Amino acid sequence: MIDRAIHADGPFLLADERALVGRKCGYAPGSWDGNNFNMSNGVLTCTNGRRVNDPEVRAMMERAAPRISRRVNAAMAR
């Protein structure tokens, strides 16, 4: 139920953010849903195992993190 609520509004990341992750991770266009990713200590771990540690990804996550947190918190509150 929590997972459905968290993902009910679509991907966590905006289109330009998904494009950045797709490019950095080496995903084929349209192959990544924008939801399944892991960011820890400034390092993005892609679903294909690639690890990305660069300023562009960190800056994108700084912008996205508050939006993602709001969505998760709202889902948990429901």
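Modeller: Let's begin with glycine 26, which is partly exposed at a relative accessible area of 47%. Here buried means under 20% relative accessible area, exposed over 50%, and partly exposed in between, using a 1.4 Å probe and protein chains only. Please keep in mind that this is a predicted model, where local features need pLDDT of at least 70, side-chain atom pairs count only at pLDDT 80 or more, and totals for chains, interfaces and linings use all residues. Residues are numbered from 1 along each chain as its sequence is written, and side-chain values use heavy atoms, with hydrogens and water left out.

Biologist: Where is glycine 26 found?

Modeller: Helices (H or I, at least four residues) and strands (E, at least two) are DSSP runs, numbered from the N terminus. Glycine 26 follows H2 and has a positive phi, near 80 degrees. Its place is the loop between H2 and E1.

Biologist: How far apart are the C-alpha atoms of glycine 26 and arginine 63?

Modeller: Along the chain, glycine 26 and arginine 63 are 37 residues apart.

Biologist: Which cysteines form a disulfide?

Modeller: A disulfide is counted when a pair of cysteine sulfur atoms lies within 2.5 Å, and that rule gives one disulfide. The two sulfur atoms sit 1.9 Å apart, and they belong to cysteine 25 and cysteine 46.

Biologist: Which parts of the chain does that pair link?

Modeller: The link of cysteine 25 and cysteine 46 is left-handed, with -75 degrees about the S-S bond. The pair joins distant parts of the chain, 21 residues apart: cysteine 25 is in helix H2 (residues 15-25), and cysteine 46 is in the loop between strand E2 (43-45) and strand E3 (51-52).

Biologist: What covers the buried residues of H2?

Modeller: The buried residues of H2 are Glu17, Leu20, Val21, Gly22 and Cys25. Contact means heavy atoms within 4.5 Å. What covers those residues includes E2 and H3.

Biologist: At what angle do H2 and helix H3 pack?

Modeller: Axes are lines fitted to C-alpha atoms, for helices over the stretch in contact, and angles run from 0 to 180 degrees between N-to-C directions. The axes of H2 and H3 (residues 55-77) are 11 Å apart, and the packing angle is about 140 degrees.

Biologist: Which residues of H3 make the contact?

Modeller: On the H2 side, the contact is made by Glu17, Leu20, Val21, Arg23 and Lys24. On the H3 side, the residues are Glu56, Val57, Met60, Ala64 and Arg67.

Biologist: Which residues does methionine 60 touch?

Modeller: For this list, residues up to four places away in sequence are not counted. What remains for methionine 60 is Leu13, Glu17, Leu20 and Val21.

Biologist: Is arginine 71 buried or exposed?

Modeller: Arginine 71 lies in helix H3. Leaving out residues up to four places away in sequence, arginine 71 touches Ile6, His7, Asp9, Gly10, Pro11 and Phe12. Its relative accessibility is 16%, so arginine 71 counts as buried.

Biologist: How far apart are the C-alpha atoms of aspartate 9 and arginine 71?

Modeller: Aspartate 9 lies in the loop between H1 and H2, and it is exposed, with a relative accessible area of 61%. Aspartate 9 and arginine 71 are 62 residues apart along the chain, and their C-alpha atoms are separated by 8.6 Å.

Biologist: What is the phi of asparagine 41?

Modeller: Most residues other than glycine have a negative phi. Asparagine 41 is in the loop between E1 and E2, and counts as exposed at 79% relative accessibility. Although asparagine 41 is not a glycine, its phi is positive, about 55 degrees.
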